[in-house]
Every structure is written in structure tokens, then in C-alpha cells.
Amino acid sequence: MRFLLDDEQREFARSLDALLTAADTSAVVRGWAAGHPGPGLTLWRRLADAGVFALAAPEAYGGVGPLPVETAVACGELGRHGVPGPVVESVAAAVLLGAVGGPVAKEWLPRIASGTAVVSLVLEGYGPYALDADVADAVFTVAGDELRLAPGAAEPTRSMDPARRLFRPEAGGEVVAAGPRVREAARAAGTWATFATAAQALGCGEALLRATVAYVKQRTQFGVPVGSFQAVKHRLADTLLGLEFARPLLYGAAVELAEGSPGAGAAVAAAKVAAGEAGYAAARTALQLHGAVGYTEELDLAWWLRRARPLRDAWGTPSACRARVLER
């Protein structure tokens, strides 16, 4: 089966690519990692104006969604350009609050969709850390059948990617919703978080492959570009195949999410495994073919290299996702 974007979706991808190219996201990432989120928050609002954060929010609360295919397009572009911030968490929080409804949805969903609020999220079973809690206007946590608004966050935990700052939310906080509906909404939000992370991982892998292809065309050895060596060609071809294999799984999962298929969770898990592993393989290829220069902080590539592994494991490790596929 071939999954092809329609003209409107392709134009959406092109417009996001143009916006992010002009925004100099490598400088935004460096500032975000250094604790200067101003440029990143400015970019966040521009992405909101482009409709990115409205994609998972229901129309009743100022959104246009949920639209899984368009979300995959957006998160793929954001992953390719390395946009920092709790993008996945905002998508998942929109799904969570939309399913819970009530006063908390009326208060926060329009702000999430419009980009006037940045939120992070912790769900039981997906790890204890809230991404970028220090810049978030709210950190939502779900444990059992209680949705809480965390009162604050502890000191950051060291991360492999300096632009992904991890915080443990403080215990307690106001209970803003409770009951079986919260548990079901959290399950749906976790699936969407896994899905959005898979799209980011695929975009990150594409950026790494593109940068590596450009580099091996320029770097010479024995008077010829190293990209002409058969071993290099084979390594790049294997990397491309991994990414291209993951792409239809991602969009297939998007279709199942859009249709509300009972197998959507397993499809998302399969896409996450494929995209996460392909993105991480692209990082290993990029590091090997760039040689020692790939380690240097001065090279923008380093930021994408350090993001591929966390994206592979965030919101569903490969082993957890494989188990979910086998359960189905």
C-alpha cells in the first residue's frame, strides 16, 4: 500500500520547512540548551500561528483536530529541523484534555492550540520525567484515574541531549479531573505521544542522512570524494532503506488513528520501533562517516546526533513497543 500526502498536506509540509529554515533552528536549539528559551518560545508562537498545536485539539476547544496525518507531517518537520521544547507533550496533552473535557479542557485547550501556553505531561508507565518543565506554563500528571496539575518541578536531571531538559514533578498538586474517563484518556494520550515521537525520530533521521550525504560528497580521500567508495554507498543505502521502511508504518498508523481502529495502538508501536531504530541507525552512520568532526560541538550535526537516541527511547522503548505489537 502507498501512503501519499494530498496537495494540501504537502503544502503544509513545505510551509513549515520554509518557516523553520528561516528561523535558524540550530541557534534556537543552542539557546534552549543554554537556558535561554526566548528565541525558542518566539518560534513556538510562530508554529502555533501556522496551526501546529491545533492539530490534536478538538474543534470545540479552538483546535482543528484530531488530525493524525497532519500531526505526523508537522512533527516530522519539527524533528528534521530539531525544534526544541515539549512538542510531543503538548500534542498528547491536547488529546488527554480533549477526552477528559470539563473545566480543565475549557481553560487549557484553547491556550495550547493558540500557542499562548506551553505544557508538559507525565503519564504513568512512560517514565517519571516532565520535559522542559521549567519553561512550561503547566505540567499535567496522570496516576491511576487522577489528573493533577503539578505544583512545581525539582532540579533538572542530566540528559543525553542538552536541549531535552528532564524534571521530576513535585508530588501532590491540584486534582483537576478524576474517574475512569481519565484512565481512558491517558491511554489515548500515551498512544499519541508515542506516535508523535515516532514522527520526530523519522524527521531527525532524515536530517542526519541528508547532512551525511552532503558531507561525503565534499570530503575527499586519495583524491576522490569518500562518497564514491562502495562501502560508504552501502552504509548510506542501508540507512535510507531503514527510514523509507519506517515512513509507511508511520502513515499507516496515522490512518488507523484517524479511523479509530482497534489496532491503532499496535500500529503506532510498530511505527515507533521502526522510526526510532532507523533514526538511531542514521545517527551512527552520520557519526562514522563524518569521523572525528562529528563529535565537535561547533558542528550543528552534534545536536541531531544527541537527539536520535533519546527519541528512540522516549514515550515507548523499543522493547516496550515490540511487546505491544506482540500482544496485539
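1. A salt bridge here is a side-chain nitrogen of Lys or Arg within 4 Å of a carboxyl oxygen of Asp or Glu. By that criterion the structure holds 16 salt bridges. The model is predicted: local features need pLDDT of at least 70, side-chain atom pairs count only at pLDDT 80 or more, and totals for chains, interfaces and linings use all residues. Residues are numbered from 1 along each chain as its sequence is written, and side-chain values use heavy atoms, with hydrogens and water left out.

2. One of the salt bridges joins Glu 11 and Arg 14, at 3.0 Å from N to O. The two residues are 3 apart in helix 1 (residues 7-22), so about one helical turn separates them. Helices (H or I, at least four residues) and strands (E, at least two) are DSSP runs, numbered from the N terminus. Glu 11 is partly exposed at 42% relative accessibility, and Arg 14 is partly exposed at 48%. For accessibility, buried means under 20% relative accessible area, exposed over 50%, and partly exposed in between (1.4 Å probe, protein chains only).

3. Asp 132 and Arg 165 also form a salt bridge, at 3.5 Å from N to O. Asp 132 sits in the loop between strand 2 (130-131) and strand 3, and Arg 165 in the loop between strand 4 (146-149) and strand 5 (166-167), so the pair ties together parts 33 residues apart in sequence. Asp 132 is buried, with 0% relative accessibility; Arg 165 is buried at 12%.

4. Arg 312 and Asp 313 meet in a salt bridge of 3.1 Å, N to O. Through shared partners, salt bridges join Glu 277, Arg 309, Arg 312, Asp 313 and Arg 322 into one network. Arg 312 is buried at 14% relative accessible area, whereas Asp 313 is partly exposed at 26%.

5. Aromatic pairs are rings of Phe, Tyr and Trp (its six-membered ring) with centres within 6.5 Å; planes under 30 degrees apart are stacked, over 60 edge-to-face and the rest tilted. The count is 4 aromatic pairs. Among them, Trp 44 and Phe 53 are stacked, at 4.3 Å centre to centre with 15° between the planes. Trp 44 is buried at 3% relative accessibility, and Phe 53 is buried at 4%.

6. Trp 108 and Phe 140 form an edge-to-face pair, with 5.8 Å between centres and 90° between planes. Trp 108 belongs to helix 6 (residues 102-114) and Phe 140 to strand 3 (residues 138-143), so this pair links parts 32 residues apart in sequence. Trp 108 is buried at 6% and Phe 140 at 1% relative accessibility.

7. Arg 111 lies over the face of Trp 108, 4.4 Å from the ring centre. Arg 306 lies over the face of Trp 303 at 4.6 Å. The criterion is NZ of Lys or CZ of Arg within 6 Å of the ring centre and within 35 degrees of the ring normal.

8. On a 1 Å grid over the protein atoms alone, a cavity is a set of points where a 1.4 Å probe fits but cannot get out; lining residues have an atom within 4 Å of a point. Of its 14 lining residues, Val 83, Gly 85, Leu 131, Arg 164 and Gln 200 are the closest to the centre.

Definitions and conventions
On a 1 Å grid over the protein atoms alone, a cavity is a set of points where a 1.4 Å probe fits but cannot get out, and a pocket is an open set with protein on both sides within 12 Å along at least five of seven lines; lining residues have an atom within 4 Å of a point.
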